Amino acid sequence: MNVVDQFYDLIDECCMKLNEKIHLNYFDSLIRVVNDILYEINDSRLDDEDLLFLEEKYNQLPNIKITNEEVRLAMQLLIIKAMKHINMNLEIMTPDYINYIIGYLINSYYKNNKKTISVLDVEVGTGNLINAVSNFSEIETNLIGVENNKLLVDICKANTEIQNNEITLYFQDVLSTFLEEVDVIIGDLDCEIKDNKYYPYEIILNYLPNLKENGLFIYLIENDFFNKEQINDFKKKFTGTLLGLIVLPQSLFNKEHIGKSLLIGSSKKINNFEMMIMQLSDINNKDKFYKDLQEIQEWINKIKEIEK
């Protein structure tokens, strides 16, 4: 059994014990178990036998030699199970293929440039995306998240800390005023239209002033982003530069889904810049996929030269 499965099984057993003994739903049980491990055991409503069971399980954890990223992979599975128990939408979990591409973009742009970068996820959710980026990063990261769902704030905090990462969380609406300046802004954007406003446009405009000079935003958007009736208004208000659009393989999404892309941009206005548009190959086509990554690296090098 690999270490991801070992970690998963141990935490799952503890969650199921709480679910069985004190009828705590799996989502809340997962948060409680992680907090038990990080801090001290919450003995509320548990008898001595149950406490002994949990203590014995928790004491086994140091014997599992596991990396932060392997913990994330196990937590990802545990969180999916927890979300199913409370009928929460699983689409807020960004697929790992996308997580790693975002991590690759950030690494490629900042390596040899900075020792530490600040990364803001504007719809942080469970923290899966931002922790994947942090674990993948060759650069030290200061993590910041915005989330307006208290359940997700709690699971994000637990998920991050069990991976030995740290995060500053803002419990507020995504379109509320945000004051910090950061190097990178990421987000798997909610593509809703409310009050005749297309949320991705509003989010991008809201956080553009928060990017440091030569900072990047990388947003996961739907492929009809440029076809909305509000696009002309967005273009008038947008004062930065759209640097690139990476169209993701359709195999990642349902056949009926319009598909998604990564939109990369800067708060800096770069005159006469032609946005790169590329279709990223499926990872199963390894030769083509790695050629695509080389092309992305060359494109990033050009951007770095322009921004000097």
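Author: I106 is located in helix α5, where helices (H or I, at least four residues) and strands (E, at least two) are DSSP runs numbered from the N terminus. The model is predicted, so local features need pLDDT of at least 70 and side-chain atom pairs count only at pLDDT 80 or more, whereas totals for chains, interfaces and linings use all residues. Residues are numbered from 1 along each chain as its sequence is written, and side-chain values use heavy atoms, with hydrogens and water left out.

With a relative accessible area of 2%, I106 is buried; that term means under 20% relative accessible area, with exposed being over 50% and partly exposed in between (1.4 Å probe, protein chains only). Residues up to four places away in sequence aside, I106 touches I117, V133, V184, I186 and I218, a contact being heavy atoms within 4.5 Å. From I106 to M275 the separation is 169 residues in sequence and 18 Å in space, C-alpha to C-alpha.

Helix α5 (96-110) also takes part in a pocket: α5, β7 and α10 (286-306) each supply at least two residues to the lining of the second largest pocket. A pocket is defined on a 1 Å grid over the protein atoms alone as an open set of points with protein on both sides within 12 Å along at least five of seven lines, unlike a cavity, where a 1.4 Å probe fits but cannot get out; lining residues have an atom within 4 Å of a point. The volume of the second largest pocket is about 240 Å³, a volume being the space filled by probe spheres set on the grid points, which are joined across faces, edges and corners. Its lining comprises 14 residues, of which Y109, N113, N214, K304 and E307 are the closest to its centre. The greatest contribution to this lining comes from β7, with four residues. By class, the lining of the second largest pocket has two nonpolar, four polar and eight charged residues; Ala, Val, Leu, Ile, Met, Phe, Trp, Tyr, Cys and Pro count as nonpolar, Asp, Glu, Lys and Arg as charged, and the others, Gly among them, as polar.

The largest pocket has a volume of about 980 Å³. Two or more of its lining residues come from each of α6 (128-136), β2 (140-147) and β7 (211-222). Among the 38 residues that line the largest pocket, N89, E91, I92, D188 and D190 lie nearest its centre.
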